[in-house]
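Subject: Structure handover

Hello,

Here is the structure I promised to send you. Please open it next to this email and follow along.

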Amino acid sequence: AIRDNTEAIAKVLTEEQGKTIADAKGDIFRGLEVVEISCNVPAMIQGETLPGVAKGVDVHSYRLPLGVCAGICPFNFPAMIPLWMFPPAVTAGN
């Protein structure tokens, strides 16, 4: 949806923030990279099991969501910074 609507989002950023169209598109593109990486987060947060670390000792690690998260975004990057914060948090279960 972001890639398909880059023109419309860039136009809104230009109207609301005073960025140039090229600057707004770059802002969206850099944020979109994080959105694409976030699609793999569920595979990255599975945790791990290390059997036989010592005699009768196994190690298990669990990666659990933090819960409710919030982000404060600067006015000069109205698309990029939220796209850096919220997709990883949401895909991690927060």
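K11 and E15 sit four residues apart in helix α1, about one turn of the helix. Helices here are DSSP runs of H or I with at least four residues, and strands are runs of E with at least two; both are numbered from the N terminus. K11 and E15 form a salt bridge, with their closest N and O atoms 3.8 Å apart. That term means a side-chain nitrogen of Lys or Arg within 4 Å of a carboxyl oxygen of Asp or Glu. E15 is exposed, because its relative accessibility is 57%. The cut-offs are: buried under 20% relative accessible area, exposed over 50%, and partly exposed in between (1.4 Å probe, protein chains only).

Before you go on, note that this is a predicted model: local features need pLDDT of at least 70, side-chain atom pairs count only at pLDDT 80 or more, and totals for chains, interfaces and linings use all residues. Residues are numbered from 1 along each chain as its sequence is written, and side-chain values use heavy atoms, leaving out hydrogens and water.

More on salt bridges

The structure holds four salt bridges. One of them joins E7 and K25, whose closest N and O atoms are 2.7 Å apart. This pair links distant parts of the chain: E7 is in helix α1, K25 is in helix α2, and 18 residues separate them. E7 is exposed, at 51% relative accessible area. K25 is partly exposed, at 30%.

D23 and K19 also meet through their side chains, at 3.6 Å from N to O. D23 is partly exposed at 37% relative accessibility. K19 is buried, with a relative accessible area of 11%.

Helix α2

Does the length of α2 agree or disagree with what its residue count predicts? It agrees: the 18 residues of α2 (residues 21–38) should span 26 Å, and the end C-alpha atoms are 26 Å apart. The expected span is 1.5 Å times one less than the number of residues.

Buried residues in α2 are A24, G26, D27, I28, G31, L32, V35 and S38. Their cover includes α1 (6–17), α3 (41–44) and α4 (80–91).

How α2 meets α4

Two packed helices are described by the angle between their axes and the distance between the axes. For α2 and α4, the angle is about 10 degrees and the axes are 8 Å apart. Axes are lines fitted to C-alpha atoms, for helices over the stretch in contact, and angles run from 0 to 180 degrees between N-to-C directions. The two helices are therefore roughly parallel. (Under 35 degrees is roughly parallel, over 145 roughly antiparallel, 65 to 115 roughly perpendicular, and the rest oblique.)

From α2, the contact uses D27, I28, R30, G31, L32, V34, V35 and S38; from α4, it uses M80, L83, W84, P87, P88 and T91. Contact means heavy atoms within 4.5 Å. The residues divide into nine nonpolar, three polar and two charged. Nonpolar covers Ala, Val, Leu, Ile, Met, Phe, Trp, Tyr, Cys and Pro; charged covers Asp, Glu, Lys and Arg; the others, Gly among them, are polar.

Two residues to look at

S38 lies in α2. What does S38 touch, leaving aside neighbours within four places in sequence? The contacts are P87, P88 and T91. S38 is buried, at 2% relative accessible area.

I9 lies in α1 and is partly exposed at 29%. Leaving aside neighbours within four places in sequence, I9 contacts I2 and I28.

Best wishes
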